[in-house]
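Please describe this structure for someone who has not seen it before. Start with its charged side-chain pairs, then turn to the rest.

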2 protein chains.
Amino acid sequence: MNTLEHLMQVMSKLPGLGPRSARRTVLHLLKNRETTMRDLTTALSEAMLHVKTCSTCGALDSQSPCGICLDSTRDPHVICVVEDVADLWAIERCQTLRGLYHVLGGTLSAMDGIGPDQLHIPRLIQRVVDGDIREVVLATNATLEGQTTAHYIAEKLKPYAVTVTRLAYGIPVGGELDYLDDGTLHAALHARLSLQDAS
Amino acid sequence: MNTLEHLMQVMSKLPGLGPRSARRTVLHLLKNRETTMRDLTTALSEAMLHVKTCSTCGALDSQSPCGICLDSTRDPHVICVVEDVADLWAIERCQTLRGLYHVLGGTLSAMDGIGPDQLHIPRLIQRVVDGDIREVVLATNATLEGQTTAHYIAEKLKPYAVTVTRLAYGIPVGGELDYLDDGTLHAALHARLSLQDAS
């Protein structure tokens, strides 16, 4: 296989890229060899060398402990538990929670042999024991696996003097009732708020 | 900006990748650092060093003249004219035409200042003059720009003893009449074939 075919084959294995978009991307890169292609190659090599997994929270950063763990402006008493680094990034983007994180790296799964140890749940408990943690926000996905994992963690945290919360279920902002699934609508009705109380 | 953000920013500029898919791709790469990420970085560096534009036909290959131009099993009397390397690859995949190519690198465009010289049309004429070329297949896109360019080339080739052809217009194989645009249906009706003649 020649250089060009090899590059296209590697590209086509990236998530969301099939053979057609891989070809298109490779052509785009070769047409912009001194700009985009060089930038991408350099950025990849740099990231491969320098990006680390934070030994405390499991986030990705160029240092460990990561920038978030070292950030003194954050509330060190709140830990937000997420399944994946992508979820951490999503919560960071909305800038509502300015606490610390704990990245599980997945959900409990007997079938895939993923137990509490693989998800660093003992390490989370240890962080609660060691630090002055007041609240653990369980921000796992609203899927069966995510909720099972959250439930397991909540049980494990029961012996400790820490508030355990989860994200609210409800209508997504901008969502139309007619297009919502029954489960979400049920949750939104169930958790309805008095307009007198709402701030 | 840190290493990770930089990589995501470069990624998000690739065609078809927005910020969300760039994040997903970067995470996928970092999770497969020793396999996919290493392969991609190596393949990119290799391609950047070794892929060349063929000095004869304009195709991309690790050598110039390219493998197609040097392939002695091909019909050297037929040149297929395409707008882009991606179009050449598409025609190669269907394995119908086993001749040579001429990549224009675009279409004539007064607005973008793209004239015959930028598209290497003089070099195409020269190939017809120099070689024993019997047929030039104009395989430009069925767009206004593609057809204008094809028309221009056909005019330029008139003085030479060479057959100039274009791709057939018609119903795409598997296409349903109800979903076709009027132009395609008109072309398919206009170029209808006698079933007695059809092979």
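In this predicted model, Lys158(A) and Glu155(A) meet through their side chains in a salt bridge of 3.2 Å, N to O. A salt bridge here is a side-chain nitrogen of Lys or Arg within 4 Å of a carboxyl oxygen of Asp or Glu. By this rule there are 14 salt bridges over all chains.

| Pair | N to O distance |
|---|---|
| Lys158(A) and Glu155(A) | 3.2 Å |
| Asp132(A) and Arg134(A) | 3.5 Å |
| Arg98(A) and Asp71(A) | 3.9 Å |

The Arg98(A) and Asp71(A) pair links distant parts of the chain, 27 residues apart. Arg98(A) lies in the loop between helix H5 and E4 of chain A, and Asp71(A) in the loop between helix H4 and strand E3 of chain A. Helices (H or I, at least four residues) and strands (E, at least two) are DSSP runs, numbered from the N terminus.

Lys158(A), at 62%, counts as exposed, while Glu155(A), at 39%, is partly exposed. Arg98(A) is partly exposed at 37%, and so is Asp71(A) at 23%.

Arg127(B), in helix H6 (residues 121-130) of chain B, is buried yet has no salt bridge. The nearest side chain of opposite charge, Asp130(B), is 8.3 Å away; Lys and Arg count as positive, Asp and Glu as negative, and His and the chain ends are not counted. Leaving aside neighbours within four places in sequence, Arg127(B) has contacts (heavy atoms within 4.5 Å) that include Thr56(B), Leu100(B) and Ile133(B).

Helix H5 (residues 85-94) of chain B has several buried residues, among them Leu88(B), Trp89(B) and Ile91(B). Their cover includes helix H1 and helix H2 of chain A, together with strand E3 of chain B. Gln95(B), which follows H5(B), has a positive phi near 55 degrees.

Chain A averages a pLDDT (the predictor's confidence in each residue, from 0 to 100) of 91, and 98% of the residues score at least 70. The complex has an ipTM of 0.81 and a pTM of 0.80 from the predictor.

Residues are numbered from 1 along each chain as its sequence is written, and chains are lettered from A and ligands numbered from 1 in the order in which they are written. Local features need pLDDT of at least 70 and side-chain atom pairs count only at pLDDT 80 or more, while totals for chains, interfaces and linings use all residues; side-chain values use heavy atoms, leaving out hydrogens and water.

Terms used. Buried means under 20% relative accessible area, exposed over 50%, partly exposed in between (1.4 Å probe, protein chains only).
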